[in-house]
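Here's a quick tour of a protein for anyone meeting it for the first time. Have a look at the sequence and the model, then read on.

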Amino acid sequence: MQPVGAGALIRRRSLAARLLGHHRSSAAWGHNPRWLGVDVVEVRGVPLALHPEGEGVSDGIRRSGDFYEAEILDFVRDVYPAHRTIVDAGAFIGNHSAYFASFLPHERIHAFEPLPANFALLAVNAARFPT
């Protein structure tokens, strides 16, 4: 998955390098990355880093124990079962991208998020997917 976020390319690379470097050293999600002030929950067997409590989408994922907009995602999976390229514009924390990477055959996912706080979580969530 290719997360593309806010700010200059150098700043984006620097942020991603710090986040992904720490992630890679942490035994494939063997802990909650409290250093980011986030929780990690498992959703359908997929670890997903969330915003702290008080943010609506992350709270909804915690409450339901499922992906945000799971019914829509399941519909897309069932009706359009394979993709070459998936574009997630306004990817937020990578909820949809993580779902697609886990449950839809694809060649590449491009995830775009302009807000730095969301991009930080998107980078963490995207790190475990090679495409």
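## A nonpolar patch

Phe75, Val79 and Tyr80 together make a nonpolar surface patch of about 320 Å². Areas come from the Shrake-Rupley method with a 1.4 Å probe.

This is a predicted model, where local features need pLDDT of at least 70, side-chain atom pairs count only at pLDDT 80 or more, and totals for chains, interfaces and linings use all residues. Residues are numbered from 1 along each chain as its sequence is written, and side-chain values use heavy atoms, leaving out hydrogens and water.

## Val79 and its helix

Val79 sits in helix α3, residues 70-79 (helices are DSSP runs of H or I, at least four residues; strands are E, at least two). Val79 is partly exposed, at 40% relative accessible area (buried is under 20%, exposed over 50%, partly exposed in between).

Helix α3 also meets α4, residues 95-103: their axes, lines fitted to C-alpha atoms, come within 11 Å and cross at roughly 35 degrees. On the α3 side, the residues in contact (heavy atoms within 4.5 Å) include Leu73 and Val76, while Tyr99 and Phe100 are among those in α4.

## The whole protein

Five helices and five strands make up the count here, and they run β-α-β-β-α-α-β-α-β-α along the sequence. Of the 131 residues, 44% are buried.

Technical notes. Patch = residues over 30% accessible without salt bridge, like charges linked within 9 Å, V, L, I, M, F, W, Y side chains within 5 Å. Salt bridge = Lys/Arg side-chain N within 4 Å of Asp/Glu carboxyl O. Buried < 20%, exposed > 50% of the residue type's maximum accessible area, 1.4 Å probe, protein only. Axes fitted to C-alpha atoms, helices over the stretch in contact; angles between N-to-C directions.
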